[in-house]
Amino acid sequence: MDNSQNASYQAGQAKGQMQEKGSQMMDKASNAAQSAKESMQEAGQQAKANVQGAADAVKNTTGMNK
């Protein structure tokens, strides 16, 4: 293998490695975004339940729940 073939081979190897690293980084970013979305959905559900519980408590206290 002469120098130009070797350089071309090395460039191809480097390109493949960079593509793989890029793909891994995109996967990590996607996973982080999905995790954040799920956390926000869970927080929203908890907040909704807390508000509903507070509303029910007010209704019970004021006798509006009969």
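What radius of gyration does the chain have, and what would a compact globule of 66 residues have? The chain has 28 Å, whereas such a globule would be near 11 Å; the radius is taken over C-alpha atoms, and the globule rule is 2.2 Å times the number of residues to the power 0.38. Keep in mind that this is a predicted model, in which local features need pLDDT of at least 70, side-chain atom pairs count only at pLDDT 80 or more, and totals for chains, interfaces and linings use all residues. Residues are numbered from 1 along each chain as its sequence is written, and side-chain values use heavy atoms, with hydrogens and water left out.

Now let's look at the fold. Helix H1 takes in residues 3–62, 60 residues in total, and from its first C-alpha to its last it reaches 88 Å. That is close to the expected 88 Å, which is 1.5 Å times one less than the number of residues. After H1 comes glycine 63, with a positive phi near 80°. Along its principal axes, the C-alpha trace spans about 90 × 10 × 5 Å.

What share of the residues is buried? Of the 66 residues, 0% count as buried, where buried means under 20% relative accessible area, exposed over 50%, and partly exposed in between (1.4 Å probe, protein chains only).

Technical notes
Helices (H or I, at least four residues) and strands (E, at least two) are DSSP runs, numbered from the N terminus.
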